[in-house]
Structures are given as structure tokens and as C-alpha cells.
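The overall build comes after that.

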Amino acid sequence: MDELASAMNMSRTSLHRKIKGVSDLTPGDFIRLVRLKKAAELLQEGEYRINEICILVGFHSQAYFTKSFQKQFGILPKDFIKKVNQK
């Protein structure tokens, strides 16, 4: 969070208020959402396995990644891949 605030030339508090005001999400939730959306894109491309995508988007635990992905999209990553492949 500090790195993001620094890159945006904002204080951590200002960044928190700005993100919360624009997206109604906390900065942590916003970052997690961006990571999960990127993971969904990578899963659709089909070039990487789930455990590789987990690391590529910044999750250190595959279990937490799977739980977060299912909470956000309502489907497990492996089922998401199957659904994409059926299309």
C-alpha cells in the first residue's frame, strides 16, 4: 500500500480516502479485485496452471486464492476453466 501511495504521490491516508470514495472498496479489497480480474484473464488464456497464476497475480496461498476467486466470481478457478473451454 505504501508503494502504491508513493507511486501516486499521495499519502497513505489520502490514497485510502480516494479509493474508498471512487470504488466504495478499501484499498486492500480494491487491490485484491484487480488481482482476481487479472487471474480470470490469465485463466481464459489457458497458458498457465492455476498454481502458477496464483503466484503471478500475487497470492502466496493457493487456498486463499481459490477462496477469494470463488467469493468474487461465484465459481472455483478449475470450474471457471472448464466453463471457458466449453465455449
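**Aromatic rings**

I started with the cluster: F59, Y64, F65, F69, F73 and F80 form a single aromatic cluster. The model is predicted, so I read every value here as computed.

I then counted ring pairs and got five aromatic pairs. How exposed is each partner? F59 is buried, at 5% relative accessibility. Y64 is partly exposed, at 38%.

Next I took F69 and F73. Their ring centres lie 4.7 Å apart with the planes at 50°, so this pair is tilted. Where do F69 and F73 lie? I found both in helix 5 (residues 62-73), four residues apart, which is about one turn of the helix. F69 is buried, with a relative accessible area of 0%. F73 is partly exposed, with 32%.

**Whole chain**

I checked the fold and found six helices and zero strands in the protein chain. The C-alpha atoms fill a box of roughly 45 × 20 × 20 Å along the principal axes. I noted that 23% of the 87 residues count as buried. Among contacts between residues at least 6 apart in sequence, 37% join residues at least 24 apart.

For the surface I noted about 6,300 Å² of accessible area, with 51% belonging to carbon and sulfur atoms. Last, I looked up the charges: the mean positions of the 15 positive and 9 negative ones are 6 Å apart.

How values were computed
Residues are numbered from 1 along each chain as its sequence is written. This is a predicted model: local features need pLDDT of at least 70, side-chain atom pairs count only at pLDDT 80 or more; totals for chains, interfaces and linings use all residues. Side-chain values use heavy atoms; hydrogens and water are left out. Helices (H or I, at least four residues) and strands (E, at least two) are DSSP runs, numbered from the N terminus. Buried means under 20% relative accessible area, exposed over 50%, partly exposed in between (1.4 Å probe, protein chains only). Contact means heavy atoms within 4.5 Å. Accessible areas come from the Shrake-Rupley method with a 1.4 Å probe; for residues, only the protein chains shown count as cover. Lys and Arg count as positive and Asp and Glu as negative; His and the chain ends are not counted. The place of a charge is taken as NZ of Lys, CZ of Arg, CG of Asp or CD of Glu. Rings of Phe, Tyr and Trp (its six-membered ring) pair if their centres lie within 6.5 Å; planes under 30 degrees apart count as stacked, over 60 as edge-to-face and the rest as tilted.
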